[in-house]
Amino acid sequence: LLISYLLLDIYVFATSQTPLSTTQLVCAKWDACTCEMSDGSGRVSLHRLARPEEPYELDSNSYRFLYSPCTAMKDAKQECQDDTSVCLEGREEDFGYNFGRASDPEFITDMNGNITVKYTSDVGNKTRTSNVVLVCDPSVTARPLVMFKGMTQTAMNWTFTSICACPGGCDPSPVTCETMGRHDV
């Protein structure tokens, strides 16, 4: 009888737990630079921040950490010469390590609706990843705030703060008859 009560208690506990929400906020990939929020609040678009000729750069004594959202950086060293959004380059030495392909990022949304853009690179027998956490800040309208958050041999972490990280923050204005100067439709 005691075992029956114990099993009944376990069954009641297991079935009374709140189920996982099927309406968790998701930012579905639209293209290599944009995702769309599942709640209809808009798209998060980094197109306006693309800088293939002059990637966002953070310097250390011996290294340059480079990030080019959306499009592959140009004039990069070695591994970073082809389809690279995130790169570690030697300042004095001639090396470049690809930490993420530009062509196929993944948009990951956590339970709080925060978006991380995950870039992956497979070079030789190494897989490297970069996680760029997007921080929505409507007051950062010019150059985004870029922070390097650390790395291992195979992973790099960044934060990228901008109005463009906000849903609808950098969406292009819709084309209408008024914006085209036509009023006689």
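Aspartate 104 has a relative accessible area of 42% and is therefore partly exposed; that term covers the range between buried, under 20% relative accessible area, and exposed, over 50%, with a 1.4 Å probe and protein chains only. The model before us is predicted: local features need pLDDT of at least 70, side-chain atom pairs count only at pLDDT 80 or more, and totals for chains, interfaces and linings use all residues. Residues are numbered from 1 along each chain as its sequence is written, and side-chain values use heavy atoms, leaving out hydrogens and water.

With which residue does aspartate 104 form a salt bridge? The partner is lysine 29, with the closest N and O atoms 2.9 Å apart. A salt bridge here requires a side-chain nitrogen of Lys or Arg within 4 Å of a carboxyl oxygen of Asp or Glu. Aspartate 104 lies in the loop between β7 (96–101) and β8 (106–109), and lysine 29 in strand β1 (residues 27–31), so the pair ties together parts 75 residues apart in sequence. Strands are DSSP runs of E, at least two residues, numbered from the N terminus. Lysine 29 is also partly exposed, at 39%.

In the whole structure, 7 salt bridges are found. Another joins arginine 64 and glutamate 89 (3.3 Å, N to O). Because arginine 64 belongs to strand β5 and glutamate 89 to strand β6, this pair links parts 25 residues apart in sequence. Arginine 64 is partly exposed at 22%, whereas glutamate 89 is buried at 2%. Shared partners join Glu57, Arg64, Glu89 and Arg91 into one network of salt bridges.

Finally, I turn to the backbone. Glutamine 78, in the loop between β5 (63–67) and β6 (84–90), has a positive phi near 40°.

Methods: Helix = DSSP H or I, 4+ residues; strand = E, 2+ residues; numbered from the N terminus.
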